[in-house]
Amino acid sequence: MNRRAGEAQVRLTADPGPLVRFGDLRIEGEKRISPRSIALHAGISGGARFDPEQLEAARGRLFNLGVFSSVRIDYEQHQDDPTVADVIVQVRESKLNELRLGAGLGLDFYRTDIHANASYTRRNWLGGLRTLTLRIEPAWVAVPALWDPQRTGPALLAEADFLQPDWPLPLGKLELAVGYDVGVEYAYQFHGPRASIGLQGG
């Protein structure tokens, strides 16, 4: 220390300790969801270098599956080897069936409508983390407004969405949507089916 110059030298010595790697992955709390699927989407490989950010990323991936109300990931040193950290994944499954009902009034510059809507979602449908969503939205439309109708008629949106994860490859995703629409516009009415399909790689 140099009191006259107001300076001091500080020396820090750090011992980084041994390199730690991921060990076994243990799943707790699952009831209807396959532990194999949980481990696959956690994406933590035994023997890989330990990284706390991977634990947080795994938690996010599992939560985004939509079948868990909570996901907690901890780790503990292996009893026989302090350079190995076992990972514990604790999940709480959410309700797999969800029903939503509603009604409303739509106001636009060129059209107004009174509509109702109902949707039903089944998660883990037939196992395998599949999700099926059915939605229907009937309406009565007036163009340009309910208080000044120049054209009126019924409208309908009916749709079924299917999501299949881990297809055609692990961590891939198949999305299929089919529907039927009935609509009323200022100069015409329309109706007809529609369908779409999408694939995402793992």
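User: Looking at the largest pocket, how do its lining residues split by class?
Analyst: This is a predicted model. In it, the lining of the largest pocket has six nonpolar, five polar and two charged residues.

User: Which residues lie nearest the centre of that pocket?
Analyst: His41, Arg61, Leu65, Pro165 and Lys173 lie nearest the centre of the largest pocket, out of 13 lining residues.

User: What volume does the largest pocket have?
Analyst: About 310 Å³.

User: And how much space lies in the second largest pocket?
Analyst: About 220 Å³. The second largest pocket is lined by 15 residues, and Arg111, Ala155, Leu156, Leu157 and Val182 are the closest to its centre.

User: Which element gives the most to that lining?
Analyst: Strand 8 does, with four residues in the lining of the second largest pocket.

User: What about the classes there?
Analyst: The lining of the second largest pocket divides into eight nonpolar, two polar and five charged residues.

User: Changing topic: where is His115 found?
Analyst: His115 is in strand 5, which covers residues 112-123.

User: Is His115 buried or exposed, and why?
Analyst: His115 counts as buried because its relative accessibility is 18%, and the cut-off for buried is under 20%.

User: What does the side chain of His115 make a polar contact with?
Analyst: The side chain of Asp113, at 2.6 Å.

Conventions. Residues numbered from 1 in each chain as written. Predicted model: local features only at pLDDT ≥ 70, side-chain atom pairs only at ≥ 80, totals over all residues. Heavy atoms only, no water. Helix = DSSP H or I, 4+ residues; strand = E, 2+ residues; numbered from the N terminus. Buried < 20%, exposed > 50% of the residue type's maximum accessible area, 1.4 Å probe, protein only. Polar contact = N/O pair within 3.5 Å; in protein donor to acceptor, adjacent residues only side chain to side chain. 1 Å grid on protein atoms, 1.4 Å probe; cavity = no way out; pocket = protein on both sides within 12 Å on 5 of 7 lines; lining within 4 Å. Points joined across faces, edges and corners; volume = space filled by probe spheres on them. Nonpolar A, V, L, I, M, F, W, Y, C, P; charged D, E, K, R; others polar.
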